[in-house]
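This report describes the structure shown below.

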Amino acid sequence: MHPILGNLRRLGLYLLGWVPLVALIVYLLKVVGGLGWVESAALGAPLSFLYALACLSSWYTCRTTTLNRAVALEPALAHLTAAAVVSGLWVLAARALAAGLAQFPAFAGLNGRAAKATGLIFGLGVLLYLLGVVMHYALLAVEASREAQEREAQAQVLAREAELRALKAQVNPHFIFNSLHSISALTGSDPAKAREMCILLGDFLRRTLGLGEKSMIALQEEIALIDCFLRVEKVRFGTRLTFEEQVNADVLGQPVPPLVLQPLVENAVAHGVSNLPEGGWIRLRAAKDQQSLSIVVENRFDPEALPSRRNGMGLENVRQRLEACYGNGAGLVVTTEGDCFRVSLTLPLEKRERGA
Amino acid sequence: MTSERGNRYRAIVVDDEDLARQVLRELLQAHPEVEIVAECANGFEAVKAVAELKPDLLFLDVQMPKLDGFEVLELTGSDLAVIFVTAYDQYALRAFEAHAVDYLLKPFGAERLRVALDRVPERLGDNRLGGRLPPPMELAAEARPPAQYLERIVVKDGTRVHLIPVRKLDYAEAQDDYVALCAEGKKHLKQQTISSLEKALDPARFLRVHRSYIVNLERVVKIEPYGKETHVVVLTSGAQLPVSRAGYARLREVLEG
């Protein structure tokens, strides 16, 4: 869409801007071209209006030729050629108009006088056209900067939304309500254990809230969070839940994005243990080689169980977080083997370790 | 409450978490009219216990291993008062609210339990008159997140419970108040209308080809003309099903894409 033709207000302003130009053209026709005042006005005014519209055509050339100092020659040539062509057409229009006006007695002989002013008209045409080019480039620049601002604002909104989503996703309402229910059960039968669970739950929530603000944490911080989470779940599931951890000491200080493993362990509980009346295990392994840190979360699951209600939301969330942090540098692979569900993460190894 | 039973309810508590059952056990001590006749830790146990003990009242956890609360309800029928128990499930809650089904949200206390129990006589009376519980299949369908279709069908055969993954289903046939589900060469009868089954199945995978038939599109080998106006579909198993005129149009639309 043309920025001026597509907008009535802008078109009005543009034509208003032409009023002094019309005066200038009429003046030049009189003084330089040697026409009479009336002749200058009769010829200059309609010609100016026509040309005001013709100059708008340069937008299409401007849009396709971006201003770039290294290759400015090519657009310059294109604009000059266009200016010559449009101006030439304008001269033809001026001659036709002069010939038409010459039919009236008042303008007798205008034809010949206008022919003498051809050079002036052509020169004016080229200059005015190039002025139009400059104006269009200015408009394009203004629009580009406004678009950039809008994009930036949009990106900020998206980032904020993602943050809010992440905050909400951090603490699964199921987990909170079920834990509170377990505490409620324990207050009657085992008050000491109820108190212990309150403390564990508080500890877990505090750690979660703190972690969301950081961009990277040491692996051992994440593992501490998982331990905390699983101790709460262990109260709920009792002997149904067993957890094994094989984490090499040399990876504890490796930086990882916060809350990337916790959702995987939470999934392991929600889709594994909680679907198995006889219980199940969860295993966490972490080790590194020359280039990468590999972390595996696996759990027993019931292959015949219903697909989850939360339907892999946690997994998708983790995948997106990894992509945001590492681009293509990280990998997440899900495999199943019999009744074992396994999520394998591969993260780039960081030379600089986080304080342990 | 009918007079011959007095004001006592025989209740079954179904929850996979020991502590959750403990809460109900403890809170129900204040209600001597409720007698817990069984506690079940999963859906299979619950179906069996309901069939054997015929309780008046069922406390039913929604999320459980093996069979979830809705599937249990499908298999036990609705001839008893049911109080659902759940921690958090926005879709299930919406369905409960819409059908005025009683439920308890974990964690709950004595007061909320009393309110739910106060409605039990009314529920039991209503059920005898035709039931205030909505058909379990419909309740389950509404409690599913939007755009999520049935992945398996539960069927009770005497005291045994079969789980039929829908990918193994060849076709379903309406038989009066029942549907016959044909999977892996066997037929399972289930009390359900074919229309409600059709609604619960993914329309991209299953198609109603006839008033009485739903077919698994993956099983269709070919469509053959049969008589002047009608057609039959031939399945991989060799079975042939009649196709109505409307069904034929739908089938062509899906298969020719």
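In chain A, 72% of the contacts between residues at least 6 apart in sequence join residues at least 24 apart; two residues are in contact if their C-beta atoms, placed from the backbone, lie within 7 Å. This is a predicted model, in which local features need pLDDT of at least 70 and side-chain atom pairs count only at pLDDT 80 or more, while totals for chains, interfaces and linings use all residues. Residues are numbered from 1 along each chain as its sequence is written, and chains are lettered from A and ligands numbered from 1 in the order in which they are written.

Chain A has 11 helices and 7 strands. Helices (H or I, at least four residues) and strands (E, at least two) are DSSP runs, numbered from the N terminus. Of the 356 residues in chain A, 32% are buried. A residue is buried if 20 or more other C-beta atoms lie within 10 Å of its own, exposed if 12 or fewer, and partly exposed in between.

Two packed helices are described by the angle between their axes and the distance between the axes. Here, axes are lines fitted to C-alpha atoms, for helices over the stretch in contact, and angles run from 0 to 180 degrees between N-to-C directions. Two pairs are listed in the table.

| Helix pair | Angle | Axis distance |
|---|---|---|
| H7(A) (173-189) and H9(A) (219-237) | roughly 55 degrees | within 10 Å |
| H9(A) and H10(A) (262-272) | about 25 degrees | 10 Å |

Helix H7(A) crosses H9(A) at roughly 55 degrees. That angle makes H7(A) oblique to H9(A). By contrast, H9(A) and H10(A) are roughly parallel to each other. Angles under 35 degrees count as roughly parallel, over 145 as roughly antiparallel, 65 to 115 as roughly perpendicular and the rest as oblique.

The crossing of H7(A) and H9(A) is left-handed, whereas that of H9(A) and H10(A) is right-handed. A crossing is left-handed if the near helix is turned anticlockwise from the far one by less than a right angle, and right-handed if clockwise.

Where H7(A) meets H9(A), Asn178(A), Ser179(A) and Ser182(A) face Val232(A), Val235(A) and Arg236(A) in contact. This contact has 2 nonpolar, 3 polar and 1 charged residues. Ala, Val, Leu, Ile, Met, Phe, Trp, Tyr, Cys and Pro count as nonpolar, Asp, Glu, Lys and Arg as charged, and the others, Gly among them, as polar. Where H9(A) meets H10(A), the residues of H9(A) include Leu225(A), Ile226(A) and Phe229(A), and those of H10(A) include Val265(A) and Val269(A). The residues of that contact divide into 6 nonpolar, 1 polar and 3 charged.

**Nonpolar cores**

A nonpolar core is a set of buried Ala, Val, Leu, Ile, Met, Phe, Trp, Tyr and Cys residues joined through C-beta atoms within 7 Å. The largest core has 117 residues, of which Val265(A), Ile214(B) and Val215(B) touch the most other members. Its largest share, 10 residues, comes from H9(A). Apart from this core lies another, of 26 residues, among them Ile25(A) and Tyr129(A).

**The contact between the chains**

The contact takes 22 residues from chain B and 23 residues from chain A. On the side of chain B, helix H1 (residues 18-28) gives the most, with 6 residues. The residues on that side divide into 10 nonpolar, 2 polar and 10 charged. The buried residues of H1(B) include Leu19(B), Ala20(B) and Arg21(B). The buried residues of H1(B) pack against H7 and H9 of chain A, and against elements of chain B including strand S1 (9-14) and helix H5 (110-118).

**Individual residues of chain B**

Leu67(B) is placed in the loop between strand S3 (57-61) and helix H3 (69-76). Leu67(B) counts as buried because it has 23 C-beta neighbours inside 10 Å. Among the residues that Leu67(B) touches are Phe44(B) and Val154(B).

Most residues other than glycine have a negative phi, and most peptide bonds are trans. A cis peptide bond joins Lys106(B) and Pro107(B), with omega about -5 degrees. Ala100(B) is not a glycine, yet has a positive phi of about 50 degrees. Ala100(B) counts as exposed, with 11 C-beta neighbours inside 10 Å. Asp176(B) also has a positive phi, near 50 degrees, and is exposed, with 6 other C-beta atoms within 10 Å.

Methods: Lists of a residue's contacts leave out its neighbours within four places in sequence.
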